[in-house]
Amino acid sequence: LLTHHRRGLRRLLADDALAERIEHDFEVAGLDQRRVAMLRYALKLTRSPAQIQRSDLDSLRTAGFVDLDVLQICEVVAYYAHANRIADGLGVTLED
């Protein structure tokens, strides 16, 4: 899932080791539970959007996100899904 956005993740984190741990398995990468909840939601929304249930949104709220946060997380995930499908659909090649 990070294939198109690896460089940006590494730049934003400024921690290559953390970026590698997130890429390998974000569940055990050493992130706080709030970020883990966000990434679980993002992964499910990316892989199986029709499977999203109220309990997924409740998990975000339990982790400390308010409704505006949930909306923005959803918007970002949806935007990247859109952008990735455009790139994949046009055969855009990845940079090294």
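## The model and its confidence

The structure is a predicted model, in which local features need pLDDT of at least 70 and side-chain atom pairs count only at pLDDT 80 or more, whereas totals for chains, interfaces and linings use all residues. Residues are numbered from 1 along each chain as its sequence is written, and side-chain values use heavy atoms, with hydrogens and water left out.

The predictor's confidence in each residue is given as pLDDT, on a scale from 0 to 100. For this chain the mean pLDDT is 90, and 93% of the residues reach 70 or more. Among the elements of the chain, H1 has the lowest mean pLDDT, at 80, while helix H4, which covers residues 54-62, has the highest, at 97.

## Overall build

The chain contains five helices and zero strands, where helices (H or I, at least four residues) and strands (E, at least two) are DSSP runs numbered from the N terminus. Along the sequence this gives the pattern α-α-α-α-α. Taken along the principal axes, the C-alpha atoms fill a box of roughly 40 × 30 × 20 Å.

## Helices H1 and H2

Helix H1 (residues 6-13) packs with helix H2 (residues 16-25) at an angle of about 135 degrees, and their axes are 8 Å apart. Such axes are lines fitted to C-alpha atoms, for helices over the stretch in contact, and the angles run from 0 to 180 degrees between N-to-C directions. H1 and H2 are therefore oblique to each other, given that angles under 35 degrees count as roughly parallel, over 145 as roughly antiparallel, 65 to 115 as roughly perpendicular and the rest as oblique.

In the contact (heavy atoms within 4.5 Å), Arg6, Leu9, Arg10 and Leu13 of H1 meet Asp16, Leu18, Ala19, Glu20, Ile22 and Glu23 of H2. These residues divide into five nonpolar, no polar and five charged, where Ala, Val, Leu, Ile, Met, Phe, Trp, Tyr, Cys and Pro count as nonpolar, Asp, Glu, Lys and Arg as charged, and the others, Gly among them, as polar.

## Salt bridges

Side chains of opposite charge can pair when their charged atoms come close. A salt bridge is counted when a side-chain nitrogen of Lys or Arg lies within 4 Å of a carboxyl oxygen of Asp or Glu, and by this rule the count comes to nine salt bridges. In one of them, the side chains of Arg10 and Glu20 meet at 3.8 Å, N to O. This pair links distant parts of the chain, since Arg10 is in helix H1 and Glu20 is in helix H2, 10 residues apart.

## Helix H3 and its partners

The axes of helix H3 (residues 33-47) and H4 come within 9 Å and cross at roughly 155 degrees, and H3 and H4 are therefore roughly antiparallel to each other. Their contact is made by Ala37, Met38, Tyr41 and Lys44 of H3 together with Asp56, Leu57, Ser59 and Leu60 of H4, a set that divides into five nonpolar, one polar and two charged residues.

H3 also packs with helix H5 (residues 67-89), at an angle of about 45 degrees and with the axes 10 Å apart, which makes H3 oblique to H5. Here Arg34, Met38, Tyr41, Ala42, Leu45 and Thr46 of H3 meet Asp69, Ile73, Cys74, Val77 and Arg85 of H5, and the residues of this contact divide into seven nonpolar, one polar and three charged.
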